[in-house]
Amino acid sequence: MTQHDDDTTQGASLAIIGMAGRFPDARNISALWQHVVNGRCVIRPLADAEIQAAGVPPDLHNHPDYVRSGAIVPDIDKFDAPFFGFSPREAETMDPQSRLFLQCAWEALEDAGYDPEGYDGLIGVVAGKAPSEYLRRNLASNPEVRARLSRLQVASGNDADALASMVAYKLN
């Protein structure tokens, strides 16, 4: 942090005291670190069934230049919606990136030993995510989902600009 004489942050400090994450073939930071220490590459060949399940069109995945390898983040389908105060429908329409980020934010608080309900200080949230392929591939292109959900319902769980606010609200 840069400090100036007229800066109101003079004397302020920042500490990162809790961390969490999900990585290919690593459910947490400790597992990731073990991969790094052991020089383990987590990119692996993908089976045809995995490529098809990911929604890759056959003409693309059968092309000779198509790279049939990937790095898989485990348990992306595991989300305890009631724990975080989401209905099943809200969780169904929420981008997996947002679900994982919320889970990791909770785990980072646990790692730090902080209870946001009882802590008197400030806890910051910095968030970022890629544009939602989930929205495009699974929600916007699905007539059944579009028929039963409003645009607002779909957008609220998929908007990158609302990620930090959603986590701050849900975790106090």
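Which residue takes a positive phi just after H1? That's Gly 39, at about 65°. Helices here are DSSP runs of H or I with at least four residues, numbered from the N terminus.

Quick housekeeping. This is a predicted model, where local features need pLDDT of at least 70, side-chain atom pairs count only at pLDDT 80 or more, and totals for chains, interfaces and linings use all residues. Residues are numbered from 1 along each chain as its sequence is written, and side-chain values use heavy atoms, with hydrogens and water left out.

Okay, staying with H1, which covers residues 29-37. At its start, a side-chain oxygen of Asn 28 comes to within 3.1 Å of the backbone nitrogen of Ser 30.

On to salt bridges, meaning a side-chain nitrogen of Lys or Arg within 4 Å of a carboxyl oxygen of Asp or Glu. The whole structure has seven. One of them pairs Arg 22 with Glu 107, closest N and O atoms 2.8 Å apart. Arg 22 is in the segment before H1 and Glu 107 is in helix H5, so this pair ties together parts 85 residues apart in sequence.

Now, pockets. A pocket is an open set of points on a 1 Å grid where a 1.4 Å probe fits, with protein on both sides within 12 Å along at least five of seven lines; lining residues have an atom within 4 Å of a point. Volume is the space filled by probe spheres set on the points.

The largest pocket holds about 1,200 Å³. It has 36 lining residues, and the closest to the centre are Gly 18, Ala 108, Ile 123, Gly 124 and Val 125. Helices H5 (96-112) and H9 (163-171) are the elements giving two or more residues, with H5 supplying the largest share, eight. By class, that lining is 26 nonpolar, eight polar and two charged, with Gly counted as polar.

And the second largest pocket? How much space lies in it? About 710 Å³. Of its 20 lining residues, Ala 53, Ala 54, Ile 72, Ile 76 and Arg 137 are the closest to the centre. H6 gives the most, four residues, and the classes come out as twelve nonpolar, three polar and five charged.

Key:
Polar contact = N/O pair within 3.5 Å; in protein donor to acceptor, adjacent residues only side chain to side chain.
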